[in-house]
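Try each task before you read its solution.

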Amino acid sequence: MNEVKTPKKPLLYYYGIVLLVLILFNAIAMPYLAQRQITEVDYGSFIKMTESKKIGQVEITDNQILFTNKDGTKIYKTGLMNDPDMTQRLYESGAKFSSKIYEEMSPLLSILLSWILPLVIIVSIGQFMSKKLRDKAGGGSSAMMFGMGKSSAKVYIKSSDGISFSDVAGEDEAKESLSEIVDYLHDPGKYEQIGAAMPKGILLVGPPGTGKTLLAKAVAGEANVPFFSISGSEFVEMFVGMGASKVRDLFRQAKDKAPCIIFIDEIDAIGKKRDGHIGGNDEREQTLNQLLTEMDGFEENTGVIILAATNRPESLDAALTRPGRFDRRVPVELPDLHGREEILKVHARKVKTEESTDFEKIARMASGASGAELANIVNEAALRAVRNGSEKVTQADFEESIEVVIAGYQKKNAILTEQEKWTVAYHETGHALVAALQSHSAPVQKITIIPRTSGALGYTMQVEEGNHYLMTKEEIENKIATYTGGRAAEEIIFGTCSTGASNDIEQATKLARAMITRYGMSQSFDMTALETVNNQYLGGDTSLVCSSETQTEIDRQVMAIIKEQHEKALSILEENRRKLDQLAHYLYEKETITGEEFMKILSESES
Ligand code: ADP
Ligand code: MG
Ligand code: ZN
């Protein structure tokens, strides 16, 4: 923390408090302290001392008599008595009447006690407190001691977190876009010279776990400037108006510290579309309005750059995403094959691995996994290695951990009956065989019939060769056929069907529906959009935008597609019945077979 400025307003408060405490101390504590040096005596002793002329000074107050001995080294006190001659006797004894016995007693000590000591105590407490506050708040005014309306942004500076771009694998486009920002912050002059303006705001969008937060932290690590990090939800407060004042405070701090970066994570918490709903979330709207105002409130090239991340970009208010506010959108997508391999390698740096580890193969197997899942896979593999008592993480550990992350742990004590086990073996072989025998389908990587904690009794892991950006109609149809392959095998072999195909049915239906409603792959609807995707990055649920007659027609066509593919799968398996038996028996024996073994048996039997 490089906070140096001392806030002005609180200083005034501080002096006020010091003065108040001093006065109170003198009024209450001083007499008490002083009294401790006074010896209380009874009235008899007082009379005796008077008579023997041992009294130096005397002070008579409303309720007591204070007096000293002849040389003034001791103070005594006694209560008042109804004694009219007392004054006369005292006078005769040669005592001096005084009104300020303490002060005369030890002026230096009393000043020390009543003014200097409390001052020293208060100043040191004050110093300590303000230091603590500063450390905690990372700047800002300590006037708002109770944190109300105060931004709770964390401030990072370089090396505090130690994350740099090299910790983020893949995502090259996102990194490129962000390194421009870093470059600008290092040397704004270069850009101003040409007249280029840095975007004020950059929005990182992408599915969960793809490294958006990580990228922002890497920017903080790379750019040698203060980095304010706050989560959108932190603005949403219990009290109306507090969120807005937090936004104000955040931007005030940021402008003080420019050049700097503000990072608002999960911005959808405050940036949701404002809708006309009565009794909507007033607080959130105020906060959003404040954010919009603040973003307009500073000029280009002031050196404040706002990063934000969200996985629901479509729900953001249009005012927020327009140019001039978040003018740049950086997609952070699920990694491709190469990206997955790089991410695995980055995380594998932290664990001991065998030199022969084939990360490409692992990446291939983990198709569709996000960065967070890949990090998890590496960690699961390391845990498995420890469990097995080995020194290094092996290839097998990685491969098993993919299944753990995708399908859950092996269920140790799940006991399948013979019949069930056969059913699962044929079902999975059915999927694999249909996939392998259709020219366009990806070959299988692995088939297993070991039950998993996720509830899957077995599964077929298909591997995409290379990257797919487009899918043709035929490829989608083949995929549907593959989904129906499991059930088809059961029907051929056992003449009945089981509940094991529920997930296949769901997937197949989803694909078939999308073909008609979103991809325009049906004859009758041509290129009409019949469904819209609600949130692209979070499951991608859809809503229908068509009349009920059309819906009926969609349903009919979906059924037709699935039925056609199911029949195709049935005929493929019937034609290859011998291979189906052979492979299912092999799988039943081994419980897990790899893609190579599978392909070997498949080609053997053909000869
Ligand atoms: P989100 O996009 O949801 O904000 P995070 O940035 O929080 O995701 O990522 C979670 C974790 O996943 C990170 O801490 C990191 O360990 C891992 N991770 C995600 N993407 C990557 C990546 N591209 N490179 C390396 N690790 C990654
Ligand atoms: Mg995040
Ligand atoms: Zn299945």
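A salt bridge is a side-chain nitrogen of Lys or Arg within 4 Å of a carboxyl oxygen of Asp or Glu. This is a predicted model: local features need pLDDT of at least 70, side-chain atom pairs count only at pLDDT 80 or more, and totals for chains, interfaces and linings use all residues. Residues are numbered from 1 along each chain as its sequence is written, and side-chain values use heavy atoms, with hydrogens and water left out.

**Exercise 1.** Find how many salt bridges the whole structure holds.

Solution. Search the whole structure. The search gives 17 salt bridges.

**Exercise 2.** Describe the pairing of Glu360 with Arg364.

Solution. Start with distance: the closest N and O atoms are 2.6 Å apart. Helices here are DSSP runs (H or I, at least four residues), numbered from the N terminus. Last, check exposure. Buried means under 20% relative accessible area, exposed over 50%, partly exposed in between (1.4 Å probe, protein chains only). Glu360, at 32%, is partly exposed. Arg364, at 18%, is buried.

**Exercise 3.** Which parts does the salt bridge between Glu399 and Lys361 tie together?

Solution. The N to O distance of this salt bridge is 3.1 Å. Glu399 belongs to helix 16 (residues 395-407) and Lys361 to helix 14, so the pair links parts 38 residues apart in sequence. Glu399 is buried at 14% relative accessibility, whereas Lys361 is partly exposed at 28%.

Technical notes. Chains are lettered from A and ligands numbered from 1 in the order in which they are written. Helices (H or I, at least four residues) and strands (E, at least two) are DSSP runs, numbered from the N terminus.
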